[in-house]
Amino acid sequence: MMVQAQRYGASGTTYSDHRPFVSQYLCDGAYKPALAHLLNISRTLPPSPEMMDDMATCYWNLGDHQTAIRLTEFVAKDIGNNPLAWGKLGAMAISVGDQAQAEAAFENTLRFNPSEVKALANLNRIKTFARNSHRANVLRKITKSRKFTTADRATAFNALGRIEDEAENTKAAFFNWRKAKALSPGTYDAKAVDIHVESQIKTYPVFDSTYASDTTGVTRVVFVVGMPRSGTTLVESILSRHPDVGTIGETTALKDCLDQYRRHVGLSGAWDWYTTLSEDDAKALGQRYLDRCSKLVVSGLPRVLVDKTPLNIFELGFAKRVLPDASFVFMSRHPLDVGLSNFSTNFFDAHPFSKSLDAIGKMTRAVFSSAEDYRMKLGDAFRWQSYEALVSSPEPQIKALLDHLDLEWSPTRLEPEKREGVVRTASVTQVRAKINTGAIAKWQRFESEISPLVDALGGWEWIRKWTATDKTFAVDQQQ
């Protein structure tokens, strides 16, 4: 490794001489060779905050979260009281469910910078500030100051929305969430998404089981999909309590494989792949997907791997073609609760559809249209999972879910809050709570504010139809 490093000018007597080389590895996601190089030079160079921080980044991304946390704590506490390291430590701790350590770390960040927006927002997620508190006032000042970035101001507005929501000031909460969304970048092309789903319905037939192959001993993938904020992280947590199940969380791996193939062949239509993909190409793409996934887990691929990327819903036909033994769980949550949750979540530059209630409604309709089509075409591989049924009657629903995935039942599956590992989604705090019904029908408090969402969904008639469909599947799939 040192020979290779020296070719790129990575030799030297201080870590700053090596850092450009390590940084390139980190940018490429090559954490194993980066860590190997760091461990090598740490034998001869004195420790520095930058070296320890880069080591922590490597360990974190390779799945050794405790070592990463210890190194980051060392940087934060023992090398100069580093406020950036305290913030990083807090983010790590909250991701693994250690809220006490996270709170302490964010408090230390604020000792150095009382206006550090991310630390304020994260503390507010752990325990909501009182609306007349000093820190709530700091957030208000941040929203009005052009000294802060657009992202920081959006984060502050979103946090204030949470504060007003907790105080049951629905109009004020919605005002702040709307301000946060107005500062968020990106546009949503509803027409393009609708065309994609229409092409799916016209092009993709009932799955041909002749594509299935002998996959004994090969990892089986479970795709958990739906609208963002529909309960996909909850299902991931339930499944990850099984000893044979591992998870890669949310990833672009499936979409990247499809896009690479489309570029390679020179395809322009969203569903052109279906008529051009050969058996050999399909196998190669399936293996490429698994190879990509293997870089995201610590000790090799498990027997069952969960890919919890909600909007993979639009690519399930491709997933089933390249991974014939894949299974699918579609999360069906009340569209008004989903819509409100998307609008009140600070995605910033992700999920541009979440910027407006109208766009959220259109995306929701597209997601459910795609799901209804795949439900008919993917047969037994597809499970329509009612969120309300899952949290209201967890034991029978989880038993039915595990049976669908050919996984044995255990009472530990009823304790998803005890899952190990990292949660990187917006559900990072909720998922550490026990299964509960607290998120059901929250939309009712905001009924007047979300009227544009109701209209975009197709009015109350469409919502009543969804309700009847969801209840039907909740009963049928529990049996």
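Modeller: Let's start with one cut-off: a charge counts as sitting over a ring if NZ of Lys or CZ of Arg is within 6 Å of the ring centre and within 35 degrees of the ring normal. Keep in mind that this is a predicted model.

Colleague: Okay, over which ring does the charged end of Arg 333 sit?

Modeller: Over the ring of Tyr 387, with 5.1 Å to the ring centre. There's a lysine case too: the charged end of Lys 399 sits over the ring of Trp 409, 5.1 Å from its centre.

Colleague: And ring against ring, how do I read that?

Modeller: A pair of aromatic rings is described by two things, the distance of the centres and the angle of the planes.

Colleague: How many aromatic pairs does the structure hold?

Modeller: It holds 22 of them. Take Phe 21 and Tyr 25: their centres are 5.0 Å apart and their planes meet at 65 degrees, so this pair is edge-to-face. They're four residues apart in helix H2 (residues 15-27), which means about one helical turn separates them. Phe 21 is buried at 9% relative accessibility, and Tyr 25 is buried at 14%.

Colleague: What about Trp 273 and Tyr 274, are they stacked or edge-to-face?

Modeller: Edge-to-face, at 5.7 Å centre to centre and 80 degrees between the planes. Trp 273 is buried with a relative accessible area of 1%, while Tyr 274 is partly exposed at 27%. Rings can also group up: Phe 330, Phe 368, Phe 382, Trp 384, Trp 462, Trp 466 and Phe 473 make one aromatic cluster.

Colleague: Let's go to the nonpolar core. Which residues of the largest one touch the most other members?

Modeller: Phe 223 and Tyr 289, out of 68 residues in that core. Helix H19 (residues 357-377) gives the most to it, namely nine residues. Look at Phe 223 up close: leaving aside neighbours within four places in sequence, its contacts include Leu 254, Tyr 289, Leu 316, Leu 323 and Phe 328.

Colleague: Now cysteines. How many disulfides does a search of the whole structure find?

Modeller: First the idea: a disulfide is a covalent bond between the sulfur atoms of two cysteines. Here the search finds zero.

Colleague: Last one: how should I read backbone phi?

Modeller: Most residues other than glycine have a negative phi. In this model, Phe 348 has a positive phi, near 55 degrees, and so does His 351, near 50 degrees.

Colleague: Where is Phe 348 found?

Modeller: In the loop between helix H18 (335-344) and H19. His 351 has its place in the loop between H18 and H19 as well, and counts as partly exposed at 23% relative accessibility.

Technical notes: Residues numbered from 1 in each chain as written. Predicted model: local features only at pLDDT ≥ 70, side-chain atom pairs only at ≥ 80, totals over all residues. Heavy atoms only, no water. Core = buried A, V, L, I, M, F, W, Y, C linked by side-chain atoms within 4.5 Å. Buried < 20%, exposed > 50% of the residue type's maximum accessible area, 1.4 Å probe, protein only. Helix = DSSP H or I, 4+ residues; strand = E, 2+ residues; numbered from the N terminus. Contact = heavy atoms within 4.5 Å. Disulfide = S-S within 2.5 Å. Phe/Tyr/Trp six-rings, centres within 6.5 Å; stacked < 30°, edge-to-face > 60°.
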